Amino acid sequence: MTQFEELQQAIIDGKAPVSKALTEKMLKEGIRPGEFFPKAIIPAMDEVGRRMRECEFFIPEVLIAARAARASSDILRPLLVGDEAISSAGTVVCGTVKGDLHDIGKNIVAMMLESAGFKIVDLGVDVSAEKVVDAVRQHQANLVAMSALLTTTMVNMKSVVEALAAAGLRDKVKIMVGGAPVTDAWAHSIGADGYGKDAPAAVELARQLSAA
Amino acid sequence: MMNSRERVRLALEHQEPDCVPLDLGASTVTGIHVDTLYRLRQALDLDAPGTPVKLIEPFQMLGEVQPDLINALAIDTVRVGGTGTAFGFPLEGWKEWKTFAGTPVLVPGGFNTRAEPNGDLLLYPQGDRSAPASGRMPQGGFYFDVIVRQQPFKDEDLRVEDNLEEFSIFSDQEIEHYRRRAEELYTQTDKALVLNLGALSLGNISRVPGPGLKCPRGIRDVEEWYISLSTRRAHIYKIFERQAEINMVNLQRIHAAVGNRVAVAYLTGTDFGAQNGPFVSPQTYRNLFMPFHKQVNDWVHRNTTWKTFIHSCGSVWALLDDFIAAGFDILNPVQCSAAHMNPFDLKGKFGNRISFWGGGVDTQCTLPFGSPQEVCQEVRERIRAFGPGGGFVFNAVHNIQALVPVENVLAMYRTAREYGGYPLRLGSAA
């Protein structure tokens with residue numbers, strides 16, 4: 001097993017101390033920080049996503065794997081320089097919409113997107129449309145990912161779409177939405193570009209929208 | 001015509017009564033938000049404008065469903081609840097308050113809020129404003145979400161009792177409250193009594209942060225808790241083991257007080273399902289939860305005539321055989337919008353072994369956003385699915401939320417009564 005495969009396995013198994021130690025060891029041995037993502041972290045989290053879709057992994061296992069991935073990526077991100085520091089996948093502004101404080105789903109999506117190589121600007125919960133617009137401008141994001149758990153707050157996703165349009169940013173970003181009451185039909189009805197039914201689907205969607 | 005109690009009893013024995021029994025407000029998972037309750041009561045001319053409704057559950061902001069509303073909608077069930085709330089203050093000392101939507105509400109004396117500069121409202125454990133707030137309602141919001149107040153901890157310092165502070169043997173006064181309430185409702189109504197013991201749930205994620213405690217210790221962070229179900233399994237097992245011992249004592253004492261006047265015991269509200277599948281693997285359920293669920297169900301079935309009720313949102317198809325093996329008689333809320341939760345498939349595979357309580361109309365789409373005609377259509381379809389052979393108590397999927405049009409609530413109950421008569425008219429709902 002190569003060291004990259006070992007690191008992949010540590011992430012899939014959710015062994016954060018192992019993934020941290022391996023990352024440090026491999027860096028010392030001269031492996032470039034930028035190599036870790038395509039060779040270990042991204043494929044590991046793709047495998048986690050596959051296992052989640054196929055009901056081999058559930059919420060605890062996904063959270064543990066995401067923590068192990070983060071233990072590695074937290075060391076690597078500050079070391080990325082030059083081209084490596086620019087996320088090739090894209091920059092995602094994400095958050096839970098205004099009036100809604102629920103973030104477990106949003107956090108899992110953010111962690112999976114980050115592990116898939118996206119740069120994440122996480123605005124947290126109860127996020128106003130104006131805050132999204134400001135963040136898109138400031139970070140030159142190409143994706144916005146909004147979450148809602150409540151039927152009383154999902155309507156605020158529409159405000160985000162409208163605010164981005166009013167700010168003249170609508171053609172610069174793709175908008176994806178998700179959360180328990182959200183559906184594909186809802187996403188289309190508010191003018192969003194896509195709906196992710198779960199975290200792996202959100203990663204897939206983000207890849208498609210980024211490539212489009 | 002059959003009375004309500006008999007109607008519910010037969011349905012839960014998997015027999016067809018005269019019509020499908022209806023529930024509203026018999027539990028804190030089949031209730032109604034205060035804003036919608038107020039508008040419903042106004043629409044039915046039950047109150048003069050401005051008459052407040054009573055808040056009985058401050059987390060989901062549920063209102064009290066009173067006898068006049070029960071009668072107006074021909075509801076067959078009634079709630080037997082405790083004296084406390086998730087935020088640790090008792091349901092007493094009522095005072096006036098207004099929701100962000102302007103609904104006049106009577107809230108308990110311990111419902112003490114403070115506005116943040118951004119307009120959010122904070123709520124305090126045991127009503128104590130000097131303690132760190134444990135609930136937050138965003139400005140313009142409808143519910144109080146629990147604030148996580150996780151203290152830093154080291155694994156070697158974790159103690160089982162830290163996560164058990166909120167669980168204790170009920171006081172004599174609490175038991176007496178249950179006794180009095182059950183006797184009153186049993187003798188003064190013909191409704192089926194639903195005993196609400198959801199607060200005893202093992203690992204209910206809305207209670208894990210300890211909203212009723214001033215200084216919660218142990219594992220209180222939501223993500224950390226979910227992770228612990230896998231990484232600290234032995235520790236969680238010990239917490240559940242001890243909690244189950246406490247629960248068993250409470251259950252025995254409550255039964256000694258209320259006897260078999262109660263028809264149904266709502267025993268657990270822990271969500272095991274997410275929108276697309278179970279939160280935890282069936283193996284985790286079997287190892288960590290099922291032994292204790294089985295223990296309590298076995299005791300109830302050996303010693304009482306109660307039917308046991310499990311509430312779990314989401315997609316639980318993959319766990320249903322285990323819920324049944326654990327001894328549960330009733331599944332709620334039957335979230336048909338979740339993956340693999342087709343009503344006809346559920347009834348076909350599990351309908352002879354478990355009763356469905358809920359599932360009557362979708363809460364995420366149809367009830368809040370559909371037209372009354374769409375509500376009517378869906379209710380008829382759900383009665384066709386779940387009604388045959390009994391084993392069905394009608395309720396929406398989960399509580400009726402804020403902002404739901406009253407016309408939809410009325411259409412839901414009207415349709416359920418109109419099309420819920422046995423023998424069912426099973427032609428196409430179209």
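Colleagues, I begin with helix 2 of chain A, where Ala16(A), Ser19(A), Lys20(A), Thr23(A) and Glu24(A) meet Arg67(A), Ala68(A), Ala71(A), Ser72(A), Ile75(A) and Leu76(A) of helix 4 of chain A (contact: C-beta atoms, placed from the backbone, within 7 Å; helices: DSSP runs of H or I, at least four residues). The model is predicted, with local features needing pLDDT of at least 70 and side-chain atom pairs pLDDT 80 or more, while totals for chains, interfaces and linings use all residues. Residues are numbered from 1 along each chain as written, chains are lettered from A and ligands numbered from 1 in written order.

Helix 2 (residues 16-28) and helix 4 of chain A pack at about 25°, their axes 7 Å apart (lines fitted to C-alpha atoms over the stretch in contact; angles from 0 to 180 degrees between N-to-C directions). Helix 2 of chain A is therefore roughly parallel to helix 4 of chain A (under 35 degrees; over 145 is roughly antiparallel).

On helix 1 (residues 3-12) of chain A, the axis comes within 9 Å of that of helix 2 of chain A, crossing at roughly 160°. These two helices of chain A are therefore roughly antiparallel. Among the residues that meet here are Leu7(A) and Ile11(A) from helix 1, and Leu22(A) and Met26(A) from helix 2.

Finally, the largest nonpolar core has 195 residues, and Met112(A), Val144(A), Leu193(B) and Val264(B) have the most contacts inside it (buried Ala, Val, Leu, Ile, Met, Phe, Trp, Tyr and Cys joined through C-beta atoms within 7 Å; buried: 20 or more other C-beta atoms within 10 Å). Helix 4 (residues 59-76) of chain A gives the largest share, 10 residues.

Notes
Buried ≥ 20, exposed ≤ 12 C-beta atoms within 10 Å, placed from the backbone. Parallel < 35°, antiparallel > 145°, perpendicular 65-115°, else oblique. Contact = placed C-beta atoms within 7 Å.
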